[in-house]
Amino acid sequence: MRRKLGSSTITFTSYTCIVIFLFLQSSSLRLVLCQLDEFSPPQLQSPAALDFLTQVAYSRLENLTSDLLSSKLVQDYSYCIENPEAEWNTAFNYSSDVSFLTACLSKTGDVTRRLCTAAEVEVYFDSLNNGGLKPNRNCNSSYWVPGCEPGWACSADTEEPVDLKNSQEIPARGSDCQSCCEGFFCPYGITCMIPCPLGSYCPLATLNKDTARCEPYSYQLPPAQPNHTCGGANIWADAHTSTEIFCSAGSYCPTSTERIACSSGNYCPMGSTDQRRCFKLTTCDSRAASQNIHAYGVMLIAALSTLLLIIYNCSDQILTTRERRYAKSREAAARTVREKTQARARWKTAKEAAKKHAIELHSQFSGKFSKRNVTHSEQDKILNHAENGTTDDLYPSMSTVSQLSTSASESKSTEPSHYVDMKHGKEDESSSFEVFDSGNKNMKKKTSKDKEIHTHSQIFKYAYSQLEKEKAQQQQNKSLTFSGVISMATNKETRKRPLIEIAFRDLTVTLKGKHKNLLRCVTGRIRPGRITAIMGPSGAGKTTFLSALAGKAVGCTVNGLILINGKTVSIHSYRKIIGFVPQDDIVHGNLTVEENLWFSARCRLSADLPKPDKFLIVERVIEYLGLQTIRGSLVGTVEKRGISGGQRKRVNVGLELVMEPSLLFLDEPTSGLDSSSSQLLLRALRREALEGVNICMVVHQPSYTLLQMFDDLILLAKGGLTVYHGPVKRVEEYFAGLGIIVPERVNPPDYFIDILEGMVKTSSSSGVSYTELPVRWMLHNGYPIPPDMRANTSATATPTLNIDHGYDFPGSVTEEQSFAGEVWQDVKANVERKRDMIRHNFLKSADLSYRRTPNIFLQYKYFLGRVGKQRMREAKTQAVDYLILLIAGACLGSLTKANEASFGFAAYTYTIIAVSLLCKIAALRSFSQDKLQYWRESASGISSLAHFVSKDTVDLFNTLIKPMVYLSMFYFFSNPRSSFAYNYIVLLCLVYCVTGIAYALAIFLDPGPSQLCSVLLPVVLTLISTQLNASKIVKDLASFCYPKWALEAFVIANSERYYGVWLLTRCGVLQKYGYNVHNWALRLTFLILAGVVFRAIAFIGMITFQKK
């Protein structure tokens, strides 16, 4: 019975022929061939002759190897052979022991004529590749010799010349057929011998009568041939096809004819040529196929855990200790300044009392001069008040503001100093408050600020002394005389910010696509040094009006004229000195109140401003917003409660106040605040207005007391039409002129809004409907009335209007559109909106603010500190991420052992899916949780590049740690042959790549879709990458999938540790999956480049499609 080889097929092509051709050229048998012609068989029985033949054969081995390395055949199959010389040494270098050759020479007498030629090798491997043996010259249906049976070989006929390099013709073989020699294998259907590679075990077979098989092989004796016996080995193929000649696991084979059991303390994987010493702390019993290295995994986990605990705990302790010492130093400085201020006040009180007592005594002795002296004394007091006074709590005259505005707008120098000169301030501080040691005379000299104020204690004392001076001046300002007011108003050192005045004429904002007016024909101006309130019912366009002035109206058409300081320039030219407080409290919840304020101050104040002045600004904002008690408290998030809603609102405003704006927009800053908190906020804004800041804010039905704290009022009706624009003190007078009288005990703002809503009807005596109020205002100021609003109106009559939520353009299409038309209009409007967003984001206007903010490197430093603190406070979340990776590594490592036949292909496939999925979801948090904060910061001029790079830099820590965390379980459970370092490098590149993809998903998609894509993307791409019999389109698509790059790098790194008898397996697996052993570094490069490209895409998307 003949045995077919159809069941022993392999997937690789005729490259195996070349490998065996390498065997023939490289082996000692090939060398012996040239020498055997000189010896007769009887001579071969001499031990001396055998030794001589062996020495001669191996003396020419080096020359034949160099010929082999230059062979074109080896180069054609270099995809699985990285170093041909090294591969030859590990597979066919028998120089250490050639006993198998000596034994074969002794058995057969002439080995030369029994070796397979290149043509016969090709026939053998074609049979493996094609699933069956093709008939050849010696073995066919009409001619079959015993040498055709598995494990047997014949000698070439005496008249037949034998050329082992001949790959065209098969020599005739039929004489002296006998069993194959030990150390060789003789395939079925071919009457010749091929040497077994190193790492194999090829003994003579013995017949098992129970199974009728020739063990340790699986072939059977041919039927009807009683004289035929079991021969030698019959097949060498890849591990998928047959592992019969592989040296079994738990044993090692120093030669192909010797097998030794692995001793205790050593381990021997399948195909070993020697035993390997087990590492310390591992357990290796006798006949162990692998070492138990779980202890190293436990040690690595313990080391990582200790390292992470040290990093997080020590860093947290360092930050906490530093903040505590910082707070103690600050409180000590504040206490010292407060005590000295109180002592100074007591001294002044005593001095005044003594002076008054002296005046009284003097008046008793000199009656006629008493009046004069008292008069002079009062005059001295008034002059003293005038000299020491400031303008912190006085409202400046509009003529003064106008002059200052003109001078500021014409200035071409750099940004003027925002504060009183530092040296002058310190001299006042030393003389008035005695903060510094009075005995040190050098401190009173005019020296450099950096030399005098550089420690935290000095900075604190300086700042708190200035604050105490401001408080004292506020108390003095309440009782100032007329001369003191004049002195304060003309003091040039009290106002150093550039002044911004905005005038607008016929301002109309129309929603694109729907042709709906959100704002219409609004004319007026908002002036520096004044607080303007914008009020109106819902749908009146208050926020739209604020956005239009701030240059943030997206998706709308803005018509009309807007002048900045009398010039038609873009509002974005003053972006660095304009603050915008959004309606929502957009604050970093995982930072403290002080950290939020300090970051805004560092990034947005002038880079030339000294640190003491910056500290003074932050402390002043904290003081005037009433945030002293919560300055060290976390703001809080939805999941973790922090400060109250009112306090959060004040922090939201403080973020803009600390940058010392010249123009400040606030969208409903008092919403959600109680009366006292609202008044506290307005007092802080009042102080900003006294320094020349132009403040415009939207408010909802303020109390009467709060209303009186505003200077101007803009009252809008539904449809965005102006009802009133002027001083707050005259609003009741204006409406009274129209016959609208506010009833007693009714809050005027509430009453006006109720009228504009139509909830309260005007009295019949007034003759004015709430729909007529916008036109009345136009007539009152002489503004032109739009034609559609003058319809059916005589020169003396007031038009009756139907004011709804908006007006349509004159001549616009009012007839009902089709469904397709409406869809097209919506699509068109959305496209225009996206275009406007991109244009706004890339719009570059000339900088007219003359403020040099910190460069990108300084901002990167500030961002790095902030993001680092945020990550420290997210330690629990990071710990959960690491724990999940540990569990995933343990599960996959234990359930999917690294299969040696495929070099761990399946285990690495699951690894790529799991690591990609877990790392992507974790990386989404970097940019998806603080989009609103980024949009606000970028709109104020803070560097987007510093924001992005700082987050990526901090995330590099996770990129380095997470592969190690996963491998600490997976590697030591699956125990692949590739080194831990190789696996770590590949996994590191993979995590870097998927992190960049996660950044792009987080920026372009909302949190829900981005998480869904993070789960589906690695699964889908991995399925595409592992398709073997796919179409060309799928294969081309797989070439661009990152899982294929990572999987190829993993398999290549593992396959290089398999050599000798594993050579055919390596070549077969690499050809099956289309991998190349030379592409390891290239695939890692692709992963890194993909990570860089996706980061660039994410950054471009972040600055292009950000919300304005």
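This is a predicted model: local features need pLDDT of at least 70, side-chain atom pairs count only at pLDDT 80 or more; totals for chains, interfaces and linings use all residues.
A pair of aromatic rings is described by the distance of the centres and the angle of the planes. In the model, 31 aromatic pairs were counted. One of them joins F580 and F665, with ring centres 6.3 Å apart and planes at 45 degrees, an arrangement classed as tilted. Because F580 belongs to strand β15 (residues 578–581) and F665 to strand β16 (residues 663–667), this pair ties together parts that are 85 residues apart in sequence. Both F580 and F665 are buried.

The pair formed by F599 and F863 is edge-to-face, because the planes of the two rings stand at 70 degrees, with the centres 4.8 Å apart. Distant parts of the chain are linked by this pair: F599 is in helix α18 (residues 593–604) and F863 is in helix α27 (residues 856–872), 264 residues apart. Both F599 and F863 are buried. Elsewhere, ring pairs join Y724, Y734, F735, Y751, F752 and W777 into a cluster.

The charged end of R1095 is placed over the ring of Y992, at 3.8 Å from the ring centre.

The threonine T911 is part of helix α29 (residues 905–928). Its relative accessibility is 1%, and T911 therefore counts as buried, the limit for this class being under 20%. Apart from neighbours within four places in sequence, T911 is in contact with L892, Y966, F970 and L987.

How values were computed:
Residues are numbered from 1 along each chain as its sequence is written. Side-chain values use heavy atoms; hydrogens and water are left out. Helices (H or I, at least four residues) and strands (E, at least two) are DSSP runs, numbered from the N terminus. Buried means under 20% relative accessible area, exposed over 50%, partly exposed in between (1.4 Å probe, protein chains only). Contact means heavy atoms within 4.5 Å. Rings of Phe, Tyr and Trp (its six-membered ring) pair if their centres lie within 6.5 Å; planes under 30 degrees apart count as stacked, over 60 as edge-to-face and the rest as tilted. A charge sits over a ring if NZ of Lys or CZ of Arg is within 6 Å of the ring centre and within 35 degrees of the ring normal.
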